[in-house]
Amino acid sequence: MKGAKILIESLLKEGVEVIFGYPGGSVIPLFDSLYDSPIKLIVPRHEQAGAHMADGYARSTGKVGVCLATSGPGATNLTTGIATAHMDSVSMVAITGQVKNSLIGNDAFQEADVTGITRSISKHNYLVKDVKDLAYTIKEAFYLASSGRPGPVVIDLPVDVQMQDAKFDYFDKIEIRSYRPSHFGHAGQIKKILKLIYSAKKPVLITGGGIIISGANQELLRFAEKTNIPVTTTFMGLGGFPSTHKLALGMPGMHGTVYANMAITESDLLISVGSRFDDRVTGKLSEFAPKAKIVHIDIDPTSISKNINVDIPVVGDAKTVLEQLIEELDESKLSNLDSWHKNIETWKKKNPLKYSQEKTGKIKPQYVIEEIYNQTKGGAIIVTEVGQHQMWAAQFYKYDYPRSFLSSGGLGTMGYGFPAAIGAKIANSNKEVIVIAGDGSIQMNIQELATLSAYNVNIKIIILNNNYLGMVRQWQELFYDRRYSGTPLKNPDFVKVAEGYGIKGIRVKKPSDVKSAVKEILSSKKPVLADFWIEEEENVFPMVPAGEAINRMIGGMA
Ligand SMILES: Cc1ncc(C[n+]2csc(CCOP(=O)(O)OP(=O)(O)O)c2C)c(N)n1
């Protein structure tokens, strides 16, 4: 069997149903094999978008997303998508064509050193020089991409290997000697955590993306309810614990809630499950949770004590470790947390998430998001770009279900949201998928309107248009004396742009039109791009200035 066919047959063995791929000279044999395979091929208009589509597909399902590009510029275009997936631990296999073996290293036409370039932005990568290694490499790549702490794996495949013959054998099992992700938490550490829980008076949970990745949301809910410990959910963890639950404290950190940040600052026991103490969460490290004993549960041993010194490290899978904790828990030993909950209730009442409704005649972006929440009743998959709109989407939509909020957290990639939403919709045709975008971000991959049109992907695009690169403008306003260098935008007519691609476009300028516009958008059976003209200098609050302690927030404090 030819190498190209071996690759496609191996993908089928791995259960791959969709590939997001863009053709080129070094992958023609692969596209030829795809031509009569049952795998659905989605061709984006830019390889970066293809990688984000595979990412959205993976985040919304938990399956491995697959993208494909040609050598050289095709491969380098994938890199932003690979790095984005790497930072947020997304299962992805990226396949790149390479020039033929004998030309590698010769500055050949469309040659780029893909393994060199992707080394630091992927979980692992391969250059397959011999067709005999191909099937095993693919098996290993899928295993690595989806096990332990997931991540993107790159397979670089020279064009001559795609044309060589070998016998096709697929392997059922895989064992990599130096790679054994541990799932169970150490029994001794589990006992130590429970002892701390029994004596704690002000415990708080910080839960992150690891909850969603390991499918631990039910276990987290049981654990929190049994112990009565309030739960903060990081940006990556949104949806891992129901936002509407009475124990939910919302998001901690830079644009988190006042009550989450106050609770962390005052707590005497902080239990982090599947979150990596990102600097956007911790703020000034020396003043982070100064009174707390800290427990850190993470599947990746290198994440533990990287940013924060912890008292009890536990290497293990979030779901398994929570199961262990529940199993061993003796509820009769728990201390009474009434006064802690009263404390939190006071912070919540005094400092709710809010925005001013003053009558400027302009649409408030938060209002648009609240209205989308009201009309979808929290049942949509919300995908965002990067900027202020992303933070408003995190704050004002309530996420009760895992995999209902997709956003580039670690890398913060403008241009991620729109293509990721296409990938998510292709995987979840029965769900409403809505992109919340800024007028800056949407333009980073706006050419994908052509992909929407070509495949009739019914997603809804909401542009919160403030004529600025809003998030950067906000920093310039607050810390650079309103010197708006490089941030005002002169935008195209987005409605006309949409129409040019054969997509319905609408424009909304008045607050009184927001409700009916959202209704019109959601009831459409076809994709819609909606351009909401919002209050131009609206800011995201509360806000912890970079490098400050998280209990020193501006805006939002009563
Ligand atoms: C690819 C990329 N380039 C630059 C940035 C830096 N950046 C972060 S937010 C932002 C502004 C985003 O503007 P817009 O999409 O209009 O959203 P808004 O903040 O106005 O809601 C910029 C430039 C980034 N995150 N990603």
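The largest nonpolar core holds 46 residues, and those with the most contacts inside it are V383, F418, I442, L449, L452, I459 and I461. A nonpolar core here is a set of buried Ala, Val, Leu, Ile, Met, Phe, Trp, Tyr and Cys residues joined through side-chain atoms within 4.5 Å. Helix α3, residues 47-61, gives the most to this core, with six residues. Helices (H or I, at least four residues) and strands (E, at least two) are DSSP runs, numbered from the N terminus. In soluble globular proteins, nonpolar side chains tend to be buried together.

The model is predicted: local features need pLDDT of at least 70 and side-chain atom pairs count only at pLDDT 80 or more, while totals for chains, interfaces and linings use all residues. Residues are numbered from 1 along each chain as its sequence is written, and side-chain values use heavy atoms, with hydrogens and water left out.

Neighbours within four places in sequence aside, F418 is in contact (heavy atoms within 4.5 Å) with E385, V435, I442, N445, I446, E448, L449, L452, I459 and I461.

T320 sits in helix α13, residues 318-328. With a relative accessible area of 12%, T320 is buried; buried means under 20%, exposed over 50% and partly exposed in between, for a 1.4 Å probe and protein chains only. Beyond four places in sequence, T320 has contacts with H183 and F184.

**Ligand site**

The ligand is surrounded by 16 residues, of which the closest are Q388, H389, G412, S441 and G470. A residue is counted as near a molecule if one of its heavy atoms lies within 4 Å of it. The table lists polar contacts, that is, pairs of N or O atoms within 3.5 Å.

| Residue | Protein atom | Ligand atom | Distance |
|---|---|---|---|
| H389 | side-chain N or O | oxygen | 2.8 Å |
| G412 | backbone N or O | nitrogen | 2.8 Å |
| N466 | polar side-chain atom | oxygen | 3.0 Å |

On its own the ligand has 590 Å² of accessible area, and the protein covers 76% of this. These areas come from the Shrake-Rupley method with a 1.4 Å probe. Two elements give two or more residues to the shell around the ligand: α16 (388-396) and α19 (470-479). The largest share, three residues, comes from α19. By type, the shell divides into six nonpolar, nine polar and one charged residue. For this division, Ala, Val, Leu, Ile, Met, Phe, Trp, Tyr, Cys and Pro count as nonpolar, Asp, Glu, Lys and Arg as charged, and the others, Gly among them, as polar.

G387 is found in the loop between β13 (381-384) and α16. The relative accessibility of G387 is 8%, so this residue counts as buried. G387 and K333 are 54 residues apart in sequence, and their C-alpha atoms are 45 Å apart in space.

**Backbone features**

F541 and P542 are joined by a cis peptide bond, with omega about -5 degrees. P542 lies in the segment after β18 (528-533).

N228, a residue other than glycine, has a positive phi near 65 degrees. It belongs to the loop between α10 (217-227) and β8 (231-233). N228 is partly exposed, because its relative accessible area is 30%.

Phi of R403, also a residue other than glycine, is positive and near 65 degrees. The loop between α16 and β14 (405-406) contains R403. At 22% relative accessibility, R403 is partly exposed.

Key: Polar contact = N/O pair within 3.5 Å; in protein donor to acceptor, adjacent residues only side chain to side chain.
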